[in-house]
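Here's a walk through the ring contacts and the ligand site of this model. Have a look at the structure first, then read on.

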Amino acid sequence: MKIRLAILGQGLVASHFEAGLERLKDGDMKPYGVPLANFPLPYRPEDLEIAVSYDVDNSKVGRSAYDVAMDLMGKEFPVPRGLKDIEVRRGIHMGSARGMPYSATGLEESRGLDAAVGALVDDWRSLGVDVVINVITTESGSAFGSADKLKEAVRSHAPNLTASHVYAYALAEYASARGGASFVNSIPTPLANDEGVIGLYREKGAVVLGDDGATGATPLTADILEHMAERNRKVEFVVQFNIGGNTDFLALTDPGRNSMKELTKSSIVDDILGYDAPHYIRPTGYLEPLGDRKFVAMHLSYLSFNNALDDVYVLARINDSPALAGILVDLARLAKISLDRGVRGTVYQVNAFYMKRPGPLGSQSISKIIAFEGLKKWLGSGS
Ligand SMILES: NC(=O)c1ccc[n+]([C@@H]2O[C@H](COP(=O)([O-])OP(=O)(O)OC[C@H]3O[C@@H](n4cnc5c(N)ncnc54)[C@H](O)[C@@H]3O)[C@@H](O)[C@H]2O)c1
């Protein structure tokens, strides 16, 4: 059985995901960076098929994922020709790319929001899409709190509607007509943390996993914090920052977008240690020559026995987009498996391992080492 995917946001993460999947199918690489690659799941990575992709950048819409990926990463990574079959169609904008250095237009600008949502639902129906994956530019947005408020915001085209909320709403409409579908939210906009989306998904028969894929430095910090907590060391402060040169980091130079990341990254300290040690955890800057290999620095200071003061320093250069692309290979499969198991709403055990801000709202952030055990238990339990 295949899983048919639609991708939102044909950027670097999407390009690495699509290229990596094709290379896996071609036997051209091993599935390193896919946590459950060797775990027996009902679907293999090779069962994932990308049916369509969406973007709002006018220089990408209408081209193939191959052409876009060649421009974005073709100098550093092989781009399989299979990506020529993935068409980049126009998505819904809602201002999410405002201020970015390219011209962007959404479907809703020519035909209105209701017709734009309808067009997406029609697309997904004709392509037999099972799972929609959100990797659009980080946007500023907040939760609606109830399904009624979210529906009303879509009905009245409220100014606080984000592109992600509209896509998630379209998925609910699609799931209701089709008898189920899933949404993976890899960006910080609260969807799995929004009772509005969760309530709507329970009602319409859909699953949402989210929010904000946990890759790179944040899971490492979470696991180091767990180590400190287990040894009853008193953490004095944590500093963790990233500087990168990709367009995601460029987008984060906007304070509204950056604060979304700070929100998703900072909850780990209090949740894991049980007290709020002073911390500064956020992407701090954009420096173009760094490209997609971000510079990560971490400094953690703690008290051990007899009040001795110790320090841990970590310095790293991490390929940003492939890290998220690798976990999407699991998330796409887990989104379908959750639906097959009859889940409606979200799955904390999946979110806790893969997400920076695991839904539903109010869930604790736990270390990734502990979350992985919970995930395996959930997978083994069959429900
Ligand atoms: N390791 C990681 O790279 C990582 C980790 C966690 C989360 N994320 C999230 O993944 C997302 C994508 O990262 P990226 O590096 O691929 O960024 P990117 O800038 O390369 O790609 C984003 C793409 O989304 C498109 N877009 C913007 N608004 C859109 C809309 N409304 N509909 C459709 N497409 C839209 C842009 O035109 C662009 O092509 C970001 O939101 C980021 O926060 C990335």
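A charge counts as sitting over a ring if NZ of Lys or CZ of Arg is within 6 Å of the ring centre and within 35 degrees of the ring normal. Arginine 341 does this with tryptophan 378, lying over the ring face at 4.2 Å from the centre.

Some ground rules before going further. This is a predicted model, where local features need pLDDT of at least 70, side-chain atom pairs count only at pLDDT 80 or more, and totals for chains, interfaces and linings use all residues. Residues are numbered from 1 along each chain as its sequence is written, and side-chain values use heavy atoms, with hydrogens and water left out.

**Aromatic pairs**

Rings of Phe, Tyr and Trp (its six-membered ring) pair if their centres lie within 6.5 Å; planes under 30 degrees apart are stacked, over 60 edge-to-face, and the rest tilted. Searching the whole structure turns up four such pairs. One of them is edge-to-face: tryptophan 124 and tyrosine 174, 6.0 Å centre to centre with 70° between the planes. Tryptophan 124 belongs to helix α4 (residues 113–127) and tyrosine 174 to helix α6 (residues 163–178), so the pair ties together parts 50 residues apart in sequence. Helices here are DSSP runs (H or I, at least four residues), as are strands (E, at least two), numbered from the N terminus.

Buried means under 20% relative accessible area, exposed over 50%, and partly exposed in between (1.4 Å probe, protein chains only). Tryptophan 124 is buried at 0%, and tyrosine 174 is buried at 1%.

Phenylalanine 353 and phenylalanine 372 make a tilted pair, 4.9 Å centre to centre and 45° between the planes. That pair links helix α12 (residues 348–354) with helix α13 (residues 368–381), the two residues being 19 apart. Together with Tyr354, Phe353 and Phe372 form one aromatic cluster.

**Around the ligand**

| Residue | Polar atom | Ligand atom | Distance |
|---|---|---|---|
| Lysine 60 | side chain | oxygen | 2.7 Å |
| Isoleucine 92 | backbone | nitrogen | 2.7 Å |
| Aspartate 320 | backbone | nitrogen | 2.8 Å |

Taken alone, the ligand exposes 850 Å², and the protein buries 98% of that. These areas come from the Shrake-Rupley method with a 1.4 Å probe.

Methods:
A polar contact is a pair of N or O atoms within 3.5 Å; within protein, one must be able to donate a hydrogen and the other to accept it, and residues adjacent in sequence count only if both atoms are side-chain atoms.
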